[in-house]
Amino acid sequence: MTQEIEIGMGKTGRLCYSLDDVAIIPNRRTRDPQDVNTHWQVDAYEFDIPVIGAPMDSIMSPQTVIELGKMGALGVLDLEGLWTRYEDPQPLLDKIPSIPDDRITPYLQKIYAEPIKADLIFKRLHQIRDAGVTVAGSLTPPRILDFYSTVLEAGVDLFVIRGSAVSAEHVSRNHEPLNLKKFIYELDVPVIVGGAGSYQAAIHLMRTGAAGVLVGLGGTAVSSARSITGMHVPMATVIADVAAARKDYMEESDGRYVQVIADGGLGTSGSFVKTFALGADAVMMGDPLAHAKEAPAHGSHWGHEATHADLPRGRRTQFETPYSMEEVLFGPSYVADGSMNYIGALKRAMASAGYVDLREFQKCPIVAAPYENR
């Protein structure tokens, strides 16, 4: 049952919660963290940890995708990013941290105006495949029809369709929109699609045949969508809603399980852990990986929306990069602020709550505590 509150005499709204507003409750039975299993699987592809590197140029280059894959996670390359526009984008990435805030948006708009090149898509994906890790690439819905055949020809294992708000029923007066259900049905590879910001949006995306649904608007740490368009997704509530959509879709489809992937809103390892207790199967990780020394933009972090030619809806954030990617994910941690050893935190919380696998941890008790951290 949802809780409606009166916003004013003519408008009511649903009371929703962010990840900071909820907490995990330890169970009567505890486990050893060494006994916890964090394996995750989407379609036929298995991973040691439920982490997906977000398709953002600030964190995912072909090399970091490979490194993440060798650590047991999944890296996704942005096939509309700088690595598919320039033969060697590293000098452009090296320059970004030194550009003042008042000049960064025009700079990003300028460098992303370079056309995407199909031969570079092919080259980057082959580089990842040759390293022996799972190959995943991402396109936004407007670019799919232009480049998906190149992506498939290059031999992608998983295809990601990622945008701020992706629906199964896009309507346009000006052109024939992408038929997402027909498109996914005809592909020979598993598709992860999103973001979904509601139960209704998620269950419609599940009905397209997607293997996974991204929950959230993506990249909230570097997004200014709330101040520009007024859009915002309260992640705790929406993850739980989409998990409910998955359950209903399983009954509707005679047992087909769709992966729920939280995308955005991860401030600390505590928020990361809570997504699983709320019903997520995996997390698409962005800004935590921007703290890593290997990040190609040296701590500068921005999302796709920041580069839009007409209405940029993101900002460049600058992080220190004191950790390796392995330390961010596995530790050991030498700070107590939730910025290191995300997998260690997940195992500790699962063990304290008495669970040894991720599916069972989704049943973990949760309380709403919206005022404790304020």
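The buried residues of helix α10 are Ser269, Ser271, Phe272, Val273, Lys274, Thr275, Phe276 and Ala277, where buried means under 20% relative accessible area, exposed means over 50%, and partly exposed is what lies in between (1.4 Å probe, protein chains only). The helix spans residues 269–277, and because 8 of its 9 residues are buried, it is largely enclosed by the rest of the structure. Helices here are DSSP runs of H or I with at least four residues, strands are runs of E with at least two, and both are numbered from the N terminus.

The model is a predicted one, so to speak of local features a pLDDT of at least 70 is needed, and side-chain atom pairs count only at pLDDT 80 or more, while totals for chains, interfaces and linings use all residues. Residues are numbered from 1 along each chain as its sequence is written, and side-chain values use heavy atoms, with hydrogens and water left out.

Back to α10: Ser269 belongs to this helix and is buried, its relative accessible area being 9%. Leaving aside residues up to four places away in sequence, Ser269 touches Gly338, Tyr342 and Ala345; a contact is scored when heavy atoms lie within 4.5 Å. After the helix comes Gly279, with a positive phi near 125°.

Zooming out, the protein chain holds 14 helices and 17 strands. Its C-alpha atoms fill a box of roughly 55 × 50 × 45 Å along the principal axes. Of the 374 residues, 53% count as buried. Among contacts with a separation of 6 or more, 67% are between residues 24 or more positions apart.

As for the surface, the accessible area of the protein chain is about 17,200 Å², and carbon and sulfur atoms make up 49% of that; areas come from the Shrake-Rupley method with a 1.4 Å probe, and for residues only the protein chains shown count as cover.

That leaves the cysteines. A search of the whole structure turns up 0 disulfides, a disulfide being a pair of cysteine sulfur atoms within 2.5 Å. Cys16 counts as partly exposed, at 28% relative accessibility, whereas Cys364 is buried at 5%.
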